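Me: I am new to this structure and would like to learn how to read it. Please take me through it one feature at a time, with the general idea before the particular case.

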Amino acid sequence: MSATEKAAGALRTIGELAAEIGRPQHILRYWETRFPQLKPLTRAGNRRYYRPDDVALVRRIHHLLSEEGYTIRGVQRLLADEKAARGKNRTVELQTIRDSLAQALEEDR
């Protein structure tokens, strides 16, 4: 690994991430206002550091906007729908666990 490459789990600065996706830094700052899921760490001087999950989300937003032809609003809807679906799946999973535990308690009596 060269001195300019970072490990996959390393934090990225806004400049590094902007250069990676080929967009100016102000676009990433704008996306932060439009996508509440995008929350980089901020340090002294309001410096932004993007975690691996943030980097993945920025790459996905960039891909959807530039490659797939989505609008900002379209990406917002897509991400919101995916979050709702994950929540629904989680609810079903928890209900299944609850039912299994209730059945185990009944059998134990």
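Reply: Helices and strands are here DSSP runs, of at least four residues (H or I) for a helix and at least two (E) for a strand, and they are numbered from the N terminus. What you see is a predicted model.

Me: Which residues of helix α1 are buried?

Reply: A residue is called buried when its relative accessible area is under 20%. In helix α1, which spans residues 14-21, the buried residues are Ile14, Leu17, Ala18 and Ile21. They keep to an arc of only 100° around the axis, which places them on the same side of α1. The general idea behind such a pattern is that an α-helix has 3.6 residues a turn, so residues three or four places apart point the same way. The cover over the buried residues of α1 includes β1, α2, β3 and α3.

Me: Which residues of α2 are buried, and what do they pack against?

Reply: In helix α2, residues 25-34, the buried residues are Ile27, Leu28, Trp31 and Glu32. Looking down the axis of α2, you find these buried residues within an arc of 150°, so they line one face of the helix. They pack against α1, β3, α3 and α4.

Me: Let us turn to the strands. In what order do the strands of the sheet lie?

Reply: The general idea is that strands of a sheet pair through backbone hydrogen bonds, either parallel or antiparallel. Here an open sheet of 3 strands has the order β1-β3-β2, and the pairing is antiparallel. Strands β1 (12-13) and β2 (41-43) stand at the edges with a single partner strand each, so one side of each has no neighbour in the sheet. Between β2 and β3, the latter made of residues 47-50, there are 3 bridges, and these two strands run antiparallel.

Me: What else does Glu32 contact, leaving aside its neighbours within four places in sequence?

Reply: With those neighbours set aside, Glu32 is in contact with Leu38, Pro40, Arg48 and Tyr50. With Tyr50 there is also a polar contact between the two side chains, at 2.5 Å.

Me: With which residue does Arg60 form a salt bridge?

Reply: Arg60 forms a salt bridge with Glu82, and their closest N and O atoms are 2.6 Å apart. Arg60 lies in helix α3 and Glu82 in helix α4 (residues 72-108), so the pair ties together parts that are 22 residues apart in sequence. Arg60 counts as partly exposed at 32% relative accessibility, and Glu82 counts as partly exposed at 26%. Residues up to four places away in sequence not being counted, Arg60 touches Leu78, Leu79 and Glu82. Another pair to find by eye is Arg60 and Val75, which are 15 residues apart in sequence and 9.5 Å apart in space, from C-alpha to C-alpha.

Me: How many salt bridges does the count come to?

Reply: With a cut-off of 4 Å between the side-chain nitrogen of Lys or Arg and the carboxyl oxygen of Asp or Glu, the count comes to 6 salt bridges. Among them is one between Asp99 and Arg98, whose closest N and O atoms are 3.5 Å apart. Asp99 is partly exposed, with a relative accessible area of 44%. Salt bridges can also share partners, and in this way Arg12, Glu20 and Arg59 are joined into one network.

Key. Residues numbered from 1 in each chain as written. Predicted model: local features only at pLDDT ≥ 70, side-chain atom pairs only at ≥ 80, totals over all residues. Heavy atoms only, no water. Pairing = 2+ DSSP bridges. Buried < 20%, exposed > 50% of the residue type's maximum accessible area, 1.4 Å probe, protein only. Arc of directions from axis to C-beta. Contact = heavy atoms within 4.5 Å. Polar contact = N/O pair within 3.5 Å; in protein donor to acceptor, adjacent residues only side chain to side chain.
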